[in-house]
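Okay, thanks for coming, everyone.

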Amino acid sequence: MGMAYLPVFLFLFMACLCRSDDRLTSAKPLLPGDVLISDGGVFALGFFSLKNSKYVGIWYNNIPERTYVWIANRNNPLTTNLPGKLVFTNSSDLVLLDSTGQALWTTTYNITTRNDGAAAVLLNSGNLVVRLPNGTDIWESFHYPTDTIVPNVRCFSLSSTDIARRLVAWKGPSDPSSSDFSMGGDSDFQIVVWNRTKPYWRRPALGGNVISGSFQSNTTFVMYQSTVDTGNGYYMKMTVSDGSPNVRLTLDYTGMVSFRWWNSATSSWTVFNQFPSPFCDQYAFCGPFAYCDDTESVPTCKCLDGFEPDNLNLSRGCRRQEELKCGGEGSFLTLPDMKTPDQFLHIRNKSFNQCAEYCSHNCSCTAYAYANLENVYAAVDRSRCLVWTGVLIDTKKFSNGFGENLYLRYPNTSGNYQGKKTQYSHTLQEASNKLGNESLEYPSISLEDIITATNNFSYYNMLGKGGFGKVYSGYMSPEYAMEGSFSVKSDTYSFGVLLLEIVSGLKISSPNLIMDFPNLIAFAWSLWKDGKAMELVDSSVVDSCSCHEVLRCIHLALVCVQDQPNARPLMSSIVFMLENEAVSLPTPKQPVFFTRIRNSESDQSNEYILRSLNNMTITTIEGR
C-alpha cells in the first residue's frame, strides 16, 4: 500500500528539483554557482567570468549562446580566485560583497524601507526589481542599463539630463567595463550615440510620420516603436509582435547600434538593422550646410540648395553662394524627405503658419521644420516647431520616405531663384580648380615632395628606366605605373602598402629582407591565405596592439592593394571600416605585385616585371 504513494512522491520530488527560483531574500544570498531563473525560464541571473574577472549579470536562459543583457558590477569586478556573494539586506538593498565583506556594487534609491517581506525578483522581461509585499517596485535594473535594450522596456528618456539611463558600450569583446561610446536622449526629440562627449551618430528629431514606426525583418515578426509624452519629456519603448523570437538592441564597442533577432535555425543572432550605415551616416560627415544624399546608388555628400563647396576639405562642408540680407520677409525653399539638422531651437505651441512666420521675421533664422505629433501619446502640446539660427549640420536626404520637409531660407533676389545642387568629392577636377590654370593632367609637385617620396631617388624605389630617364615609385598603383592611369583608387592602393609596412616593419622596396618572396605584398598575401598572417607582424606591434585589430588591418590592406581599381574601396569607406570593427570586410583577390630581377649578365642592368599570382600574364617594362 505504501508503494502506491511512491509515484506521487517521485513526481513532487522532481517538481521541486525543476522549479525555477526567481527571487532573492535576506535569508538566502546568491553565491557563485547559484542561478536565479525568471518564472517563464527566459532569463537567468548569476555569477560569470570573463578573462580573469568575475561579474554578476543577467543573460538569456533559453538559447545556447551565452548573451548578457545586464551586468551589475561591470566597472568593479571580482577577481576569479576570491569568491563573492550577492545579498539582499534588511533595508531592501542589493549589495555585492567580495570575500572580505567589501561592497563592490549596491542598489541606490531614495526610499527608506524595512525588509518586511520584500524581495529581489527576476522578471520574465529580463528586469531585476526590488519588490515590496504590496507589489510596488522601488528599484529596477532597466533604469540602469548596460549596453542592451530588450522589448517592453521604457528606454531612451529624451532628456539631456537623464545620463543614468544611457546605454554604455563594452570596452571590448571580452571586457564589459564602460567604453567611450554611449547612447541616449538629447534635448526633447533626439537619440544620439556619443564618443565621449562628441556626437558620433544622431537619429533625426521626432516627427509626426516617424513616431510610431515598425521594422520588418526577413521573417514574420514585426518590431514596433512607440514614443510617450509624460508631460515632462518623452521616452521610447520597443515592442514585438506575439510569437516573435528573442529580439535585442545593442550598442557595441565600435559605436555601432544593432537590432538583432535570435535565429534558431542557425543558432545565432541575425542583424536586421544597423546604424550608422557605412556611407556618410556618421555625425556631421558631410560638414556644415551639406547633406548626405541617400537616394544615390552610393550615398554622396552634396551642398544644400544655394550653397557651394567650401574648399576641398569635406569636413568644411559648404558655404552660401550669396549672403543673406536682413529686411522684409524671408523666402524659403522646400527640401523634402530630409533628416532635420542638429542644433535647433524648439518653439512650443505654434501652428505651422506661426512657425513659418516666426522664422520669416527673424533675420538670423536659416531654416525651420514643423510636425504635428499626432502619433505621440501626448498629454499637452502636440506641435513641434524647430528653427535654426546658425549652421545647418548633420542632415541627410532619405530614400525611404523617413524624412520630412526642411524649409531653407535663401536670399531675396530679382526673378525666380533656383538653388544649385552641388556635389563635391576628392577628385582631380577639384584639385585642378585649386591649382588655377595648371593642367589637370600634370598638376605641380614640389621637388621636396618628390625627394621625400622617392627616398632621395633611391635605387630601391626605381621601377625602371628608358630614353627619358628613370621611373620611380611615392607606393604607385599598378594601373598608374603601367598605363599612367590615375584615380581616387590609386590613393587606396598606396594606403594599403603603407598599412602593410606599418604592421610588418618592412619596406615594400626591400625584397632582400623577405626570403623567397619578391616583395612585401606577395609575402603578406601568402601568409594571409595560409592563415598565418600574425607571422607578418613586427614584434613591437604585437606587444602594443590586440591581435584581432592587427589581423583586421592586414585584411584591409590586402583589399586595398587589389589589382582592379574598382575592387578597392574608397578612402572614406576604409576609414569607416577601421573605426567600426562590426563592419565585415570584403574578401581580397590575389594581388598583382612588382618584382625586381637581377640580370645575370650585368650587375648594372635590371628587369622590372609585373607578375600576377595566377600566372596568367607576365609583362616586361622596357626602356623606349
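Let's begin with Cys303 and Cys318, which form a disulfide with their sulfur atoms 2.0 Å apart. By disulfide I mean a pair of cysteine sulfur atoms within 2.5 Å. The torsion about that S-S bond is about -85°, so this one is left-handed. Cys303 sits in strand β26 (residues 300-303) and Cys318 in strand β28 (residues 318-320), so the pair ties together parts that are 15 residues apart in sequence. Both Cys303 and Cys318 are buried. For burial, I'm calling a residue buried under 20% relative accessible area, exposed over 50%, and partly exposed in between, with a 1.4 Å probe and protein chains only.

Residues are numbered from 1 along each chain as its sequence is written, and side-chain values use heavy atoms, with hydrogens and water left out.

So, how many disulfides does a search of the whole structure find? Five. Another of them joins Cys355 to Cys385, S to S 2.1 Å. That link is right-handed, with 80° about the S-S bond. It connects distant parts of the chain, with Cys355 in helix α2 (residues 352-360) and Cys385 in strand β32 (residues 383-388), 30 residues apart. Cys355 is buried at 0% relative accessibility, and Cys385 is buried at 0% too.

**The loop between β24 and β25**

Next, Cys280 and Cys292, joined by a disulfide with S to S 1.9 Å. This link is right-handed as well, with 40° about the S-S bond. Here Cys280 is in the loop between β24 (268-275) and β25 (290-293), and Cys292 is in strand β25, 12 residues apart. Cys280 is buried at 9% relative accessible area, and Cys292 is buried at 1%.

Is Phe289 buried or exposed? At 16% relative accessibility, Phe289 counts as buried.

Compare that with Lys51, in the loop between β3 (43-50) and β4 (53-60). Lys51 also has a positive phi, near 55°, in a residue other than glycine. But Lys51 counts as exposed, at 71% relative accessibility.

**Aromatics**

Now the rings. A search of the whole structure finds 23 aromatic pairs. Rings of Phe, Tyr and Trp (its six-membered ring) pair if their centres lie within 6.5 Å; planes under 30 degrees apart count as stacked, over 60 as edge-to-face, and the rest as tilted. One of the pairs is Trp139 with Tyr144, which is stacked at 6.0 Å centre to centre and 15° between the planes. Trp139 counts as buried at 5% relative accessibility, whereas Tyr144 is partly exposed at 34%.

For Phe332 and Tyr368, the centres are 5.2 Å apart and the planes at 80°, so that pair is edge-to-face. Phe332 lies in strand β29 (residues 331-339) and Tyr368 in strand β31 (residues 367-372), so the pair ties together parts 36 residues apart in sequence. Tyr368 is buried, with a relative accessible area of 5%.

There's also a cluster: ring pairs link Phe48, Tyr55, Trp59, Tyr68 and Trp170. Arg66 lies over the face of Trp59, 4.0 Å from the ring centre. The test for that is NZ of Lys or CZ of Arg within 6 Å of the ring centre and within 35 degrees of the ring normal. Arg166 does likewise over Trp194, at 3.8 Å from the ring centre.

**Confidence**

Last bit. The chain averages a pLDDT of 77, and 71% of the residues score at least 70; pLDDT is the predictor's confidence in each residue, from 0 to 100. Over residues 1-20 the pLDDT is below 50, and beyond near neighbours in sequence this stretch has three contacts in the model, a contact being heavy atoms within 4.5 Å. Where pLDDT is low, the predicted coordinates should not be read in detail.

Conventions
Helix = DSSP H or I, 4+ residues; strand = E, 2+ residues; numbered from the N terminus.
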